[in-house]
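Keep the structure open beside you as you read.

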Amino acid sequence: MFHKKGCLIICGALLFIAWNALLIFVLLGWSPEGGVSISAEKDPQNSNTVEKLLQLISAFETELESQNKILLQIQSHKSLWEEQRKKPTAFRSKLDIKSHFTDAGSNSQSSPVVIPILVMACNRVTVSRCLDKLLEYRPSPELFPIIVSQDCGHTQTADVIASYGSKLTHIKQPDLSEISVPAGHNKFQGYYKIARHYRWALNQVFNTFSYSAVIVVEDDLEVAPDFFEYFKALHPVLKSDQTLWCVSAWNDNGRNGYVDPAKSELLYRTDFFPGLGWMLLKEIWIELEPKWPASFWDDWMRHPNQRKGRSCIRPEISRTLTFGRKGVSLGQFYDKYLRFIKLNTEFVPFTSRDLSYLEQGKYDQAFEKEVYSAPLVTAVELKNGKLYGPGPFRLQYSNAQSFKTLARDLGLMDDLKSGVPRAGYRGVVSFFSQGKRIYIAPPVGWTKYDPSWS
């Protein structure tokens with residue numbers, strides 16, 4: 001490109017010199033015909049010739065003025081080109097990407113958006129397992145830059161992250177001080193630090209780096225082969241649907257035997273905030289950041305005051321897998337549930353699929369019809385293999401205790417957050433058992449969650 005621009009400069013300069021030379025020759029009386037001079041104006045026989053020469057000179061002057069303007073423009077652009085050429089390649093590429101790509105929802109619907117992956121790290125040197133998979137499956141470093149935000153100041157973990165060099169951006173939480181916590185919360189100091197780190201890191205992504213969306217991943221998560229494809233396809237869905245506020249890669253009940261292996265493309269709406277690999281838009285962060293909690297940020301996200309009746313998208317089969325047994329939660333749920341979560345292995349081309357069925361109006365109508373037209377059965381019939389037909393089938397609960405009893409008896413996660421069951425939508429929890437789709441549902445006519453069911 002710069003070679004072509006250089007040639008243009010040289011040609012412009014030569015053209016400028018040629019016009020000047022021709023003008024000088026004319027003014028001196030030289031003519032290509034050999035012998036016509038301005039002095040010939042004194043000879044009446046040559047008056048016509050002199051008049052024509054004067055007209056020619058006038059035309060030359062006009063053209064010369066035009067060429068001067070062109071040359072000045074070329075010289076002006078040359079300085080800009082030289083400055084651009086001197087910039088580092090990576091910096092120029094970043095500028096080009098920023099100017100070329102626009103967010104979904106703009107006039108150019110086909111232009112891809114840049115979505116960074118924010119990896120929340122602390123003191124796990126096994127963060128390399130997370131980063132290796134992200135780098136292996138990442139389709140484009142420009143479209144999916146990786147930012148690792150490290151808390152804790154753990155040197156060995158910092159060294160592991162630094163070993164990836166320019167493949168990622170490594171930022172460090174500057175405030176490593178102890179946090180003053182309420183009486184009786186000393187054992188929860190870690191949760192306070194995590195909340196502080198999330199606030200700082202998300203502010204870096206949205207305010208310092210100026211991205212419009214982010215995919216948050218913890219340092220103990222391994223991603224599926226279609227992890228990026230999944231989020232790329234669902235970004236415009238999240239952007240355009242005001243009844244959604246996140247997209248998650250996680251199914252809380254996605255253990256082997258509880259998901260349909262033939263339906264890896266199946267997606268759901270859920271009222272439960274799943275986390276564990278999730279996408280957030282800047283406009284939601286602007287809403288949440290001023291009231292961000294001092295601790296237990298994920299449960300805070302599940303409160304009605306934050307959720308405001310909005311839902312998330314989740315998959316049938318998880319696109320993330322946690323391998324972090326040790327952490328601030330001291331392995332809560334890990335041995336019983338989390339280590340058995342099935343990670344998707346089949347690549348699903350979500351970006352070529354019609355995802356309009358996830359729109360709330362369409363989804364609710366089809367969802368309620370399927371759930372409440374399903375035959376009502378008992379947990380005993382299900383466990384004893386007494387369900388006949390392809391399904392789906394429905395189990396019913398009427399209060400918090402009956403839900404917990406059913407979920408515990410069937411091997412599902414039985415806790416409720418602000419009255420919402422894990423992976424639940426409109427009070428309904430979907431899972432797969434013995435080759436059949438099963439719904440645990442409240443009675444017909446359900447209207448809202450009861451926050452006291454927690």
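Glu368 is partly exposed, with 33% relative accessible area; that label sits between buried (under 20%) and exposed (over 50%), with a 1.4 Å probe and protein chains only. Its side chain meets that of Arg426 in a salt bridge, 3.0 Å from N to O. By salt bridge we mean a side-chain nitrogen of Lys or Arg within 4 Å of a carboxyl oxygen of Asp or Glu. Arg426 sits in the loop between β13 (420-421) and β14 (429-433), while Glu368 belongs to helix α11 (residues 360-372), so the pair ties together parts that are 58 residues apart in sequence. Arg426 is partly exposed too, at 25% relative accessibility. The element names follow DSSP runs, numbered from the N terminus: helices are H or I with at least four residues, strands are E with at least two.

Before going further, a word on ground rules. This is a predicted model, where local features need pLDDT of at least 70 and side-chain atom pairs count only at pLDDT 80 or more, whereas totals for chains, interfaces and linings use all residues. Residues are numbered from 1 along each chain as its sequence is written, and side-chain values use heavy atoms, with hydrogens and water left out.

Back to the charges. Side chains of opposite charge can pair when their charged atoms come close. The count here comes to 21 salt bridges. One of them joins Lys193 and Glu178, at 2.8 Å from N to O. Lys193 is in helix α6 (residues 189-208) and Glu178 in the loop between β3 (169-172) and α6, so this pair links parts 15 residues apart in sequence. Glu178 is exposed at 57% relative accessible area, and Lys193 is partly exposed at 22%. Now look at Arg422 and Asp415, whose side chains form a salt bridge of 2.7 Å, N to O. Are these two buried or exposed? Both Arg422 and Asp415 are buried. There is also a network of salt bridges that links Arg124, Asp219 and Asp220.

Next, turn to helix α5 (residues 155-162), whose buried residues are Thr157, Ala158, Val160 and Ile161. They span an arc of only 160° around the axis, which puts them on the same side of α5; the arc is taken from the directions from the helix axis to the C-beta atoms. Asp159 and Ala162 are exposed on the other side of α5. What covers the buried residues of α5? The cover includes β1 (117-121), α4 (127-137), β2 (146-150) and β3.

The backbone has a few spots to check as well. Most residues other than glycine have a negative phi, and most peptide bonds are trans. Against that background, the peptide bond from Gly391 to Pro392 is cis, with omega near 10°, and Pro392 lies in the loop between α12 (379-383) and β11 (393-396). Phe296 has a positive phi, near 50°, in the loop between α8 (282-288) and α9 (297-301). Ser418, also not a glycine, has a positive phi of about 55°; this residue lies in the loop between β12 (416-417) and β13 and is buried, at 15% relative accessible area.

Finally, step back to the whole chain. There are 13 helices and 15 strands, and 46% of the 454 residues count as buried.

Key. Contact = heavy atoms within 4.5 Å.
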